Amino acid sequence: MELIDTYGRRINYLRLSVTDRCNMRCSYCMPEGGVEKLTHDQVLSYEDLLRISAEAVRAGIEKIRVTGGEPLVRKGILPFLSRVAALDGLKELVLTTNGLLLKELAQGLRDAGVQRLNISIDSLRPEVFAKITRGGDLALVLEGIEAAERAGFPPHKLNVVVMRGVNDGEILDFVRLTLERPYAVRFIEYMPTSGEGDWRALCVPGAEIRERIAQQFTLEEVHNSELSGPSKNFRVEGAQGSLGIITAMTGHFCDGCNRLRVTASGMAQGCLFSASGVDLKPVLATGDDALLRLEIQRIVAAKPGRHQLTDEGAEAVPFAMSRVGG
Ligand code: SAM
């Protein structure tokens with residue numbers, strides 16, 4: 001089965017948030033005071049998350065990314081991941097984490113069947129890292145990254161949200177990291193999510209990021225596989241690792257968008273920036289999984305052609321990424 005939307009896009013990638021809780025407070029992701037937490041009843045059980053995953057895979061999803069909040073803070077995550085990994089027809093199970101708990105959990109994640117990790121690391125300088133994450137310990141994340149390497153994961157994708165005047169001075173440091181290590185560093189344009197500050201001032205356009213790198217290094221293109229994300233990939237000639245730029249704001253990669261999102265409270269969204277989603281709870285409550293699959297197909301059919309964020313006069317939509325799962 002295939003999930004094709006009204007714009008002819010093949011939707012084969014589900015981003016599944018398993019919790020809105022996080023053990024960091026990144027400034028670009030949530031307001032300083034945190035966000036109102038979902039109550040225990042609002043958060044879907046693992047059983048329901050598994051039903052959604054299974055029906056999504058039956059409908060045509062081939063890749064699932066488990067995210068959050070911080071997915072590793074949810075109790076029982078490893079047995080849940082093993083069950084998702086075992087779904088017939090699923091080609092890829094990957095997970096996005098801030099790395100704080102990786103030291104303890106890396107081997108368990110590998111054994112559960114997670115194929116690859118995306119790790120958020122927005123600075124290589126402890127004090128800048130602590131400032132961005134409002135208290136996060138860079139050393140713990142670096143230890144987590146190494147633990148995951150020892151556990152046998154293929155080279156990690158490292159996510160860096162680039163913010164002007166905050167960490168954009170480290171772009172070349174991250175590039176140098178790829179000379180010696182096989183990481184896929186992905187620079188992400190800052191998106192206006194938490195409603196803080198002037199996003200246009202913070203956002204460093206992907207073209208500028210690339211230009212700054214190209215002034216110092218000779219770059220070569222790297223081609224994406226079908227299931228890889230929207231990042232435009234390249235590498236420094238001779239480097240072990242690669243580089244990517246996710247132009248969430250300036251790139252309009254909506255044309256190639258293959259994603260569906262489901263939040264921890266069961267809201268399904270065709271677009272990260274949709275003002276609202278479709279609540280899957282009522283259909284989960286019917287116990288009818290065929291109906292659930294139909295609902296997923298319906299949501300894909302209604303997926304918007306493109307987000308409107310960069311349109312003239314458009315205002316930033318204030319929401320916390322920790323809710324939707326990035
Ligand atoms: N806790 C995990 C983590 O830190 O990676 C997973 C959830 S986090 C919301 C997922 C991704 O969203 C991270 O890679 C983060 O960098 C990205 N993200 C969050 N807010 C963002 C923003 N305002 N602009 C760009 N990327 C953002």
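Which polar backbone atom lies 3.5 Å from an oxygen atom of the ligand? The backbone atom belongs to Thr97.

## Basis of the model

The structure is a predicted model, in which local features need pLDDT of at least 70, side-chain atom pairs count only at pLDDT 80 or more, and totals for chains, interfaces and linings use all residues. Residues are numbered from 1 along each chain as its sequence is written, and side-chain values use heavy atoms, with hydrogens and water left out.

The ligand is surrounded by 19 residues, and the closest are Tyr28, Gly69, Glu70, Ser120 and Met191; a residue is near a molecule if one of its heavy atoms lies within 4 Å of it. By class, this shell holds seven nonpolar, ten polar and two charged residues. In this classification Ala, Val, Leu, Ile, Met, Phe, Trp, Tyr, Cys and Pro count as nonpolar, Asp, Glu, Lys and Arg as charged, and the others, Gly among them, as polar. At least two shell residues come from each of strand S3 (92-97), strand S5 (157-162) and strand S6 (184-189). Strands (E, at least two residues) and helices (H or I, at least four) are DSSP runs, numbered from the N terminus.

A polar side-chain atom of Ser120 lies 2.5 Å from a ligand oxygen atom, and a polar backbone atom of Met191 is 2.9 Å from a ligand nitrogen atom. Taken alone, the ligand exposes 550 Å², of which the protein buries 95%. Accessible areas come from the Shrake-Rupley method with a 1.4 Å probe; for residues, only the protein chains shown count as cover.

## Aromatic pairs

Rings of Phe, Tyr and Trp (its six-membered ring) pair if their centres lie within 6.5 Å; planes under 30 degrees apart count as stacked, over 60 as edge-to-face and the rest as tilted. By this rule the model has two aromatic pairs. The pair of Tyr46 and Phe80 is stacked, because the ring centres are 4.7 Å apart and the planes stand at 20°. This pair links distant parts of the chain, with Tyr46 in helix H1 (residues 46-59) and Phe80 in helix H2 (residues 77-85), 34 residues apart. Both Tyr46 and Phe80 are buried; buried means under 20% relative accessible area, exposed over 50%, and partly exposed in between (1.4 Å probe, protein chains only).

Phe174 and Phe187 form an edge-to-face pair, with 6.4 Å from centre to centre and 85° between the planes. Phe174 belongs to helix H6 (residues 171-180) and Phe187 to strand S6, so the pair ties together parts that are 13 residues apart in sequence. Phe174 is buried, as is Phe187.

## Charges and polar contacts

Two side chains place a charge over a ring (NZ of Lys or CZ of Arg within 6 Å of the ring centre and within 35 degrees of the ring normal). Lys63 lies over the face of Tyr13, 4.5 Å from the ring centre. The charged end of Arg110 is positioned over the ring of Phe153, at 5.0 Å from its centre.

Glu62 is located in the loop between H1 and strand S2 (63-67). This residue is buried, with a relative accessible area of 10%. The side chains of Glu62 and Arg10 are joined by a polar contact of 3.1 Å. Such a contact is a pair of N or O atoms within 3.5 Å; within protein, one must be able to donate a hydrogen and the other to accept it, and residues adjacent in sequence count only if both atoms are side-chain atoms.

## Loop residues and spatial neighbours

Leu100, in the loop between S3 and helix H3 (102-112), is buried at a relative accessible area of 12%. Leu100 and Glu70 are 30 residues apart in sequence, and their C-alpha atoms are 9.3 Å apart. Arg134 occupies the loop between helix H4 (126-132) and helix H5 (138-150). Its phi is near 50°, a positive value in a residue other than glycine, and Arg134 is partly exposed, with a relative accessible area of 27%.

Val162 is part of strand S5 and is buried at 2% relative accessibility; its C-alpha atom is 9.8 Å from that of Met191, 29 residues away along the chain. Arg261, in strand S10 (residues 259-262), is buried with a relative accessible area of 6%. Arg261 and Ser17 are 244 residues apart in sequence and 7.9 Å apart in space, C-alpha to C-alpha. Ala301 lies in helix H10 (residues 289-301) and is partly exposed, with a relative accessible area of 35%. Between Ala301 and Arg9 the separation is 292 residues in sequence and 9.9 Å in space, C-alpha to C-alpha.
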